[in-house]
Amino acid sequence: MALYSEKVMDHFRNPRNVGVLENANGIGEVGNAKCGDIMKMYLKIENDIIEDVKFETFGCGSAIASSSMATELIKGKPLEEAKKLTNKAVAEALDGLPDYKMHCSVLAQEAIEAAIDDYNSRK
Amino acid sequence: MIYADNAATTKMSEAAVNTMVSLIGDTYGNPSSLYAFGQKAKEALEKAREEVAEAIGANPREILFTSGGSEADNQALISAAKLGEKKGKKHIISTAFEHHAILHTLKKLEEEGFEVTLLPVHENGIVRPEEVEAAIKEDTALVTVMYANNEIGTIQPIREIGAICRKHGVLFHTDAVQAVGHIKVNVEEDNIDLLSASGHKFHGPKGTGFLYAKKGIKLTNLIEGGAQERGKRAGTENVPGIAAMATALKESVENLDAYAAKLTPIRDKIIAGLKEIPHSAINGDEESRVPSNINFCFEGIEGESLLLLLDDKGIAASSGSACTSGSLDPSHVLLAIGRVHDVAHGSLRLSLGEDITDEDADYIIKSVKDVVEYLRGFSPVWRDLVAGKGNFIL
């Protein structure tokens, strides 16, 4: 049995929306290097819509895949919907994560929450 | 595939496979049976014991076959602890970067009232004999120091430590799982009282290993039952496995010089190549290390993603990253040599096999360089470091 699902490996090998968003108006960073995972989310929000999103991740395969999948799930969506993204939804969209890797999906949810908080604080 | 994880396990040698297959098929008798067919298996078993003993400079009566290195480590430590306890000695000296078969057994002994001193292994990953001597007390029952470290490959000054132990009348055990069959090991010359080894680390089968116990050292049984292994390890012997292990060991030991001559320059070439990666560092002493081992930390990346991408490129390697172990902490070995968590997560261990070629080395260097650069390309840690927010550790 493979360590990860095909979908995790696909998002890990070909991460979507990877990089820096220069004109981001909401940026969130969670995790710490000591634990081996850091996720940074860049959001461009216009008229309460997530117009664009990019991420940078320092972490394992499932951390990279979780960030990638999370960006796909919120891109182009209303802000209200993005706020409601759960780690469970990220993990399910990836066809599941091993139990001890579920925290990677939590990190993805928290990174988006942090970026939205940052956006709100700038208003 | 380039298999560069020989410290995890090795491919069985052709000769070892042949020994094993022939014994499984034709010599299935029980070595404890008195009829000729059983005695044929007994002969194979005792021939294996002679071969193993010869390979490490021991007497066949000093070799006890086990299920592997972990069992041998457990039995060695528990036996030495029991012997010490009888004399009122309840102090054990070891090191911070031993294999978990040692560390977890020591933990258990601690819970039973033993005092354990774990010596530092310093930045170069080498124990200092003078620190071993300084740690010895009146009630020290045992010193146990691994021969070569499984993650960073550093070779310990076993002979010197053994001499110190002899001088002070303290038993000396070495977990030689990564050394036997890879570098010269001789229990007499190295002043070793107890030694553990594992068959599958030197091209023998998994589930095989042995414990050397110098004549006169009374072992404590871990497994009770029949009188096999001179009453010290019950259970019908794994004759095909044991004989195949002996074949593999004999072959490896005969081949030690050629092995070192072939692997050392390739190892050093890869080390030199990986050093070109900015903000990287080799883990462990460069000189005193087994010919097969390369271990690096790369700042700003995480080891599991590095391994997965190397796997995609056909390179099988390992890492001391927490993510590869399922725990939150990175390798205790890397922490013991002073690597902080942040960079210990970004480690890579390559352990070469005899079939490695110069072209493989070039391919490994290029692949690691490419993958590290790629992962750094979207690492927020790396971005901050490059932007001058925070200081590089390596």
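Predicted model: local features only at pLDDT ≥ 70, side-chain atom pairs only at ≥ 80, totals over all residues.
Which helix of chain B gives the most to the lining of the second largest pocket?

Residues are numbered from 1 along each chain as its sequence is written, chains are lettered from A and ligands numbered from 1 in the order in which they are written, and side-chain values use heavy atoms, with hydrogens and water left out.

Domains first. Chain B is assigned domain 1 (14–254) and domain 2 (256–386); such bounds come from an automatic or database domain assignment. The C-alpha centres of these two domains of chain B lie 29 Å apart. Their contact takes 28 residues from domain 1 and 19 residues from domain 2 of chain B, where contact means heavy atoms within 4.5 Å.

Now the pockets. On a 1 Å grid over the protein atoms alone, a pocket is an open set of points with protein on both sides within 12 Å along at least five of seven lines, and a cavity is a set of points where a 1.4 Å probe fits but cannot get out. Lining residues have an atom within 4 Å of a point. Grid points are joined across faces, edges and corners, and a volume is the space filled by probe spheres set on the points.

The second largest pocket holds about 350 Å³ of space. Its lining has 15 residues, and B:K11, B:S13, B:H203, B:E354 and B:D355 lie nearest its centre. The answer to my opening question is helix α7 (residues 239–254) of chain B, with three residues. Helices (H or I, at least four residues) and strands (E, at least two) are DSSP runs, numbered from the N terminus. By class, the lining of this pocket has four nonpolar, seven polar and four charged residues. Here Ala, Val, Leu, Ile, Met, Phe, Trp, Tyr, Cys and Pro count as nonpolar, Asp, Glu, Lys and Arg as charged, and the others, Gly among them, as polar. Domain 1 and domain 2 of chain B each supply at least three residues to the lining of the second largest pocket.

The largest pocket has about 670 Å³ of space. Of its 39 lining residues, B:H99, B:H100, B:N150, B:E151 and B:R349 lie nearest the centre. The elements giving two or more residues to this lining are α3 (69–86), α4 (100–111) and β12 (347–351) of chain B. Its classes are nine nonpolar, 23 polar and seven charged. Again, at least three lining residues come from each of domain 1 and domain 2 of chain B.

How many cavities of 30 Å³ or more does the structure hold? There are two. The largest has a volume of about 80 Å³, and its lining includes B:N6, B:N149, B:H182 and B:S351. That lining has three nonpolar, nine polar and no charged residues. Where does this cavity lie relative to the domains of chain B? Both domain 1 and domain 2 of chain B give residues to its lining, so the largest cavity lies between them.

The second largest cavity, at about 50 Å³, has among its lining residues A:T57, A:F58, B:G300 and B:F378. Its lining divides into five nonpolar, five polar and one charged.

Next, the cores. A nonpolar core is a set of buried Ala, Val, Leu, Ile, Met, Phe, Trp, Tyr and Cys residues joined through side-chain atoms within 4.5 Å. Buried means under 20% relative accessible area, exposed over 50%, and partly exposed in between, with a 1.4 Å probe and protein chains only. The largest core has 68 residues, and B:L274, B:F298 and B:V368 are among those with the most contacts inside it. Helix α5 (residues 102–122) of chain A gives the largest share of this core, eight residues. A second, separate core of 55 residues includes B:A58, B:V121, B:I164 and B:V170.

Last, two single residues. B:V116 is found in strand β4 (residues 115–119) of chain B. Is B:V116 buried or exposed? Its relative accessible area is 17%, so B:V116 is buried. Not counting residues up to four places away in sequence, B:V116 touches B:I92, B:L106 and B:E110.

B:T27 lies in the loop between α1 (14–26) and α2 (36–56) of chain B. B:T27 counts as buried because its relative accessibility is 9%.
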